[in-house]
Amino acid sequence: GANISYSVNGNIPRVLAWSGSLNPCDTVTVVFGGVNQFNFLSGVTYTLTAFTSSPNLAADSKNSNDTTILGPTCVFLSGNYTVDASGSGPRNFTTITQAVAALNCGGVNGAVNISVAPGTYNEQVIIGNVVGASATNTITFDGDSAATRIIEFNPTVNTAAFTVKFEGASNITFRNLTIRSTGTSGYAGAVQIASNCNNIKLTKN
């Protein structure tokens with residue numbers, strides 16, 4: 001037997017006392033249940049460290065081969081989400097930027113629909129190449145009514161003269177959303193599409 005442990009982002013390890021046996025170079029799947037489980041949230045960056053200790057219930061003479069590290073990484077998105085500044089829960093983002101950060105970090109594993117709540121979102125948004133996005137695994141931001149869902153920003157430099165920028169992005173739709181620039185200094189672009197984008201749709205905006 002041995003103790004099998006993991007920690008997330010350097011926090012207190014969760015430990016499982018495993019009572020099986022393994023021959024050299026064999027593998028085994030160990031499932032942590034109950035209080036030892038961890039709920040990974042969309043939009044959060046994680047580093048996962050897994051390690052063993054006390055092999056055969058004795059001191060380990062070689063600690064150098066006990067540990068593996070995964071990350072930094074994020075959870076992929078799939079299904080329905082919301083953007084609501086006053087909302088909560090694991091499938092709600094409080095800003096457009098937060099939702100895009102989750103997409104850019106974790107990618108998608110299915111079609112993603114993000115419903116945007118009424119409000120004015122003062123943000124500059126950059127959507128890059130989302131891993132997993134395809135003609136089937138599309139990404140849709142839907143505001144339901146462009147009159148009450150507004151994304152706006154005041155660009156002040158020529159190199160970032162946009163409110164929303166698609167950069168190498170594909171299979172993304174913005175629907176029923178007003179996208180506008182409030183800039184008065186000559187840098188008043190609303191939407192910029194660059195770097196080999198494909199299947200970008202702006203409808204009913």
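Start by selecting Thr97, which sits in helix H1, the run of residues 96-106. You are looking at a predicted model, so treat each stop on this tour as a feature of that prediction. Thr97 is partly exposed, with a relative accessibility of 37%. Now show what surrounds Thr97: setting aside neighbours within four places in sequence, its contacts are Glu123, Gln124 and Val125. If you also mark Val83, 14 residues away along the chain, you will find 9.6 Å between its C-alpha atom and that of Thr97.

**Next stop: Phe76**

Move to the loop between E4 and E5 and pick out Phe76. Is Phe76 buried, partly exposed or exposed? Phe76 counts as partly exposed, at 43% relative accessibility. Beyond the four places on either side in sequence, Phe76 is in contact with Ser42, Tyr81, Gly106, Gly107, Val108 and Asn109.

**The open sheet**

Switch to a cartoon view and colour the strands E6, E5, E7, E10, E13 and E16. In that order, these 6 strands make up an open sheet with parallel pairing. Which strands stand at the edges? They are E6 (92-93) and E16 (198-203); each has a single partner strand, so one side of each is left without a neighbour in the sheet. In general, strands of a sheet pair through backbone hydrogen bonds, either parallel or antiparallel.

Zoom in on the E6 end. Strand E5, residues 77-83, runs parallel to E6 and is joined to it by 2 bridges. To see one pairing, select Thr82 together with Asn92 in E6, its bridge partner.

Then go to strand E13, residues 170-175, and select Ser170. Ser170 is buried, with a relative accessible area of 19%, so it falls under the 20% cut-off for that label. Not counting residues up to four places away in sequence, Ser170 touches Ala133, Asn198, Asn199 and Ile200.

One of those contacts deserves a click of its own. Asn199 lies in strand E16 and is partly exposed, at 33% relative accessibility. Its phi is near 55 degrees, a positive value in a residue other than glycine. As background, most residues other than glycine have a negative phi, and most peptide bonds are trans.

**Three salt bridges**

Now show the charged side chains. How many salt bridges does the structure hold? There are 3. Side chains of opposite charge can pair when their charged atoms come close.

- Select Arg175 and Asp142: their closest N and O atoms are 3.4 Å apart. Arg175 lies in strand E13 and Asp142 in strand E10 (residues 139-142), so the pair ties together parts that are 33 residues apart in sequence. Arg175 is partly exposed, with a relative accessible area of 29%, and Asp142 is partly exposed too, at 23%.
- Select Arg180 and Glu152, whose side chains meet at 2.9 Å, N to O. This pair links distant parts of the chain, with Arg180 in strand E14 (residues 178-181) and Glu152 in strand E11 (residues 149-153), 28 residues apart. Arg180 is partly exposed at 37% relative accessibility, whereas Glu152 is buried at 16%.
- Select Lys165 and Glu167, which meet at 3.8 Å, N to O. Lys165 is buried, at 13% relative accessibility, while Glu167 is partly exposed, at 34%.

**The largest pocket**

Strand E1 (2-8), strand E3 (46-53) and strand E4 (67-73) each give two or more residues to the lining. What kinds of residue make up the lining? It divides into 11 nonpolar, 10 polar and 3 charged.

**Two backbone details to finish**

Follow the chain to Gly71 and Pro72, which are joined by a cis peptide bond with omega of about 5 degrees. Pro72 is in strand E4.

Last, select Cys25 in the loop between strand E2 (14-18) and E3. Cys25 is exposed, at 80% relative accessibility. Its phi is near 75 degrees, a positive value in a residue other than glycine.

Key: Residues numbered from 1 in each chain as written. Predicted model: local features only at pLDDT ≥ 70, side-chain atom pairs only at ≥ 80, totals over all residues. Heavy atoms only, no water. Helix = DSSP H or I, 4+ residues; strand = E, 2+ residues; numbered from the N terminus. Buried < 20%, exposed > 50% of the residue type's maximum accessible area, 1.4 Å probe, protein only. Contact = heavy atoms within 4.5 Å. Pairing = 2+ DSSP bridges. Salt bridge = Lys/Arg side-chain N within 4 Å of Asp/Glu carboxyl O. Nonpolar A, V, L, I, M, F, W, Y, C, P; charged D, E, K, R; others polar.
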